[in-house]
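Let's walk through this one together, a stop at a time. Have the viewer open and follow along.

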Amino acid sequence: MIAVSRLIPMLIVDDMQSALRFYAETLGGTPIYQFPAGTDPSFITLRFSNSDVALSRIDSSLPMNVPFRPATGHRIQLCVNVLGVDESVAVLRSIGSRVIMEPSNQPWGERAAYVEDPDGNLVLLVSPVNEPRT
């Protein structure tokens with residue numbers, strides 16, 4: 001068995017600035033690494049409490065000059081634990097995020113909603129059900 005010390009999801013994004021508005025400014029991720037340094041990075045790692053996610057521009061290349069290819073369909077979704085799903089959806093809707101599933105109570109005890117990030121990746125917002133809303 002391989003001893004894994006850390007796992008970081010890496011999202012391929014078309015527009016780094018739009019992705020940063022969504023993940024850093026709106027969801028509160030703190031940039032902890034970027035490459036290259038300066039105002040036009042092609043790769044950024046963001047920290048959310050004790051989790052990280054990396055953003056890499058689609059026009060970046062792997063070390064052997066193999067270009068990233070655009071994914072088709074929904075090949076990944078991020079699950080984001082928030083304090084309030086309804087409030088979070090309202091904020092994301094106000095910045096133009098597409099709401100795929102409105103907030104609703106789920107049988108497993110969480111309130112959940114789906115939105116899309118600027119690149120169409122699914123983001124599942126969840127929080128514990130505190131009071132029935134549906």
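Helices here are DSSP runs of H or I with at least four residues, strands are E runs of at least two, and both are numbered from the N terminus. A quick note on the model: it's predicted, so local features need pLDDT of at least 70 and side-chain atom pairs count only at pLDDT 80 or more, while totals for chains, interfaces and linings use all residues. Residues are numbered from 1 along each chain as its sequence is written, and side-chain values use heavy atoms, with hydrogens and water left out.

H1 itself covers residues 16–26, and its buried residues include Met16, Leu20, Phe22 and Tyr23. Buried means under 20% relative accessible area, exposed over 50%, and partly exposed in between (1.4 Å probe, protein chains only). After H1 comes Gly28, with a positive phi near 85°.

Now back to Asp15, whose C-alpha is 6.8 Å from that of Arg57, though the two are 42 residues apart along the chain. Arg57 belongs to strand E4 (residues 51–57) and is buried, at 16% relative accessible area. What does its side chain touch? There's a polar contact with the side chain of Asp40 at 3.2 Å, and a polar atom of the Arg57 side chain lies 2.8 Å from the backbone oxygen of Pro41. A polar contact is a pair of N or O atoms within 3.5 Å; within protein, one must be able to donate a hydrogen and the other to accept it, and residues adjacent in sequence count only if both atoms are side-chain atoms.
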